[in-house]
Amino acid sequence: MRRTAASAAELARARIDAHRQQSRVRAGALIISLFGDAVAPRGGRLWVGSLIRLLQPLGIDERLVRTAVSRLAKQAWLRIESHGRRADYLLTEAGQRRFEEASRTIYAAQPRAWDGRWRLLLLVRELHAKAREPLRRALAWQGFGQLGADCFVHPGADLGEALQALVTEGLAEAPAQLLPLLASDARHGLGQSDAELVRRAWNLDELAQAYSRFDADYGPIARALQADEVGQAITPEDAFLLRTLLIHDWRRLLLRDPELPDVLLPAGWPGRAARQLTRELYRRLLAPSERHLDALLQRADGQPLPPPDAASRQRFGGARGGAQPASTV
């Protein structure tokens with residue numbers, strides 16, 4: 001049993017170290033994941049000093065944190081509130097709405113049902129190739145497929161949120177260049193035209209490979225923890241770091257995934273197993289990671305953050321309520 005417990009700890013540490021060794025770390029994106037997962041349920045306010053302490057073990061130093069949060073403030077994700085020589089970073093109203101919308105997908109026990117209608121964004125202004133590429137790339141990261149040069153398609157995106165996300169990504173003129181449309185002929189069945197649309201708009205083989213890499217990164221850790229029957233396989237700090245990386249990588253996968261209905265997906269689609277893996281691993285990391293957050297999260301006035309709200313207990317269909325006792329992780 002001791003070997004299994006050590007193996008779980010070693011696998012977790014290897015995943016954390018692999019992130020530290022990346023040549024390029026997108027600190028802003030990781031901070032967004034951390035705020036949405038750990039800070040938003042506790043009021044959405046955090047002293048920047050606590051944020052620095054949380055991220056240092058991932059190789060993100062104070063200078064990089066301060067640069068990233070300043071950029072997020074300029075992008076209207078966060079706002080700054082000073083308390084003497086200290087400062088809190090708070091979610092803006094727009095940032096809170098974005099987190100709430102994203103959470104419905106990230107923490108869903110099952111993918112959202114499809115209403116049978118396609119969401120379209122039509123490019124209505126001439127753009128040269130150099131200007132098209134950032135737009136195509138930004139929409140691809142929201143799960144949009146492309147039909148021809150001027151049409152982007154998604155089965156369930158909120159088109160208003162999609163346009164706002166482009167502004168956040170620095171494409172401020174994009175909403176004026178795109179015409180949002182909702183297909184009006186919702187059908188009860190799926191035809192060959194739908195399958196052809198999927199084939200043309202998305203590279204599902206590439207997305208399946210991304211899900212397979214996700215399983216290779218996190219599957220062994222989940223299986224080692226599941227096999228562990230004795231205490232303290234992973235420290236509270238490592239549980240928090242692994243939980244943050246898990247949700248960050250899961251969120252980035254979902255940004256690329258159009259969440260197609262099952263009938264349009266290949267048999268054995270790895271996205272289904274990846275959601276179950278994320279739910280199970282998150283459930284096992286939750287209790288020890290919250291202990292770490294309890295110890296480190298502070299406001300600029302020195303007060304601790306409140307406990308997580310009730311809504312967060314329903315993540316993944318009630319992950320918090322089904323969490324294992326702390327001694328098993």
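# Cores, sheets and helix packing in a predicted model

The largest nonpolar core has 80 residues, and those with the most contacts inside it are Phe 35, Leu 51, Leu 55, Trp 118, Trp 202, Tyr 218 and Trp 250. Helix H10 gives the most to this core, with eleven residues, and a second, separate core of 15 residues includes Ala 157, Leu 163, Leu 166 and Ala 174.

**Nonpolar cores**

- In soluble globular proteins, nonpolar side chains tend to be buried together.
- Leu 55, one of the residues with the most contacts inside the largest core, is in contact with Leu 30, Ile 31, Leu 34, Ile 60 and Val 65 once its neighbours within four places in sequence are left aside.
- Tyr 218 is also among the residues with the most contacts inside the largest core, and this residue of H10 takes part in the contact between H10 and H12.

**Packing of H10 and H12**

- Two packed helices are described by the angle between their axes and the distance between the axes.
- Helix H10, which spans residues 204-227, packs against helix H12, residues 270-296, at an angle of about 35°, and their axes are 9 Å apart; the crossing in which H10 passes H12 is left-handed.
- On the H10 side the contact is made by Ala 208, Tyr 211, Phe 214, Asp 215, Tyr 218, Gly 219, Ile 221, Ala 222, Leu 225 and Gln 226, and these meet Pro 270, Gly 271, Ala 274, Leu 277, Thr 278, Leu 281, Arg 284 and Leu 285 of H12.
- By residue class, the contact of H10 with H12 divides into twelve nonpolar, four polar and two charged residues.
- Ser 212 has its place in H10, and it counts as partly exposed because its relative accessibility is 42%, between the limits of 20% and 50%.
- The C-alpha atoms of Ser 212 and Ala 273 are 9.7 Å apart in space, although the two residues are 61 residues apart in sequence.

- Strands of a sheet pair through backbone hydrogen bonds, either parallel or antiparallel.
- Three strands form an open sheet in the order E1-E3-E2 with antiparallel pairing; the edge strands, each pairing on one side only, are E1 (45-47) and E2 (78-83).
- Neighbouring strands of this sheet are turned by 30° against each other on average, with direction ignored.
- E1 and strand E3 (residues 86-91) run antiparallel and are joined by three bridges, with Leu 90 in E3 as the bridge partner of Arg 45.
- E2 and E3 pair in the antiparallel sense over six bridges, and here Glu 81 has Asp 88 in E3 as its bridge partner.
- The hairpin of E2 and E3 has two residues between the strands, and in it Gly 84 takes a positive phi near 65°.

- Strand E4 (residues 119-123) pairs with E7 in the antiparallel sense over five bridges, and Leu 122 stands opposite Leu 179 in E7.

- Arg 15 lies in helix H1 (residues 2-20), and it counts as buried because its relative accessibility is 10%, under the limit of 20%.
- Not counting residues up to four places away in sequence, Arg 15 touches Asp 217, Tyr 218, Ile 221, Leu 242, Leu 245 and Asp 249.

- Most residues other than glycine have a negative phi.
- Glu 259 has a positive phi of about 55° although it is not a glycine; the residue is found in the loop between helix H11 (236-256) and H12, and it counts as buried at 18% relative accessibility.
- Phe 316, likewise not a glycine, has a positive phi near 55°; Phe 316 lies in the segment after H12 and is buried, with a relative accessible area of 1%.

Definitions and conventions. Residues are numbered from 1 along each chain as its sequence is written. This is a predicted model: local features need pLDDT of at least 70, side-chain atom pairs count only at pLDDT 80 or more; totals for chains, interfaces and linings use all residues. Side-chain values use heavy atoms; hydrogens and water are left out. Axes are lines fitted to C-alpha atoms, for helices over the stretch in contact, and angles run from 0 to 180 degrees between N-to-C directions. Helices (H or I, at least four residues) and strands (E, at least two) are DSSP runs, numbered from the N terminus. A crossing is left-handed if the near helix is turned anticlockwise from the far one by less than a right angle, and right-handed if clockwise. Contact means heavy atoms within 4.5 Å. Ala, Val, Leu, Ile, Met, Phe, Trp, Tyr, Cys and Pro count as nonpolar, Asp, Glu, Lys and Arg as charged, and the others, Gly among them, as polar. Two strands pair if DSSP finds at least two bridges between them. Buried means under 20% relative accessible area, exposed over 50%, partly exposed in between (1.4 Å probe, protein chains only). A nonpolar core is a set of buried Ala, Val, Leu, Ile, Met, Phe, Trp, Tyr and Cys residues joined through side-chain atoms within 4.5 Å.
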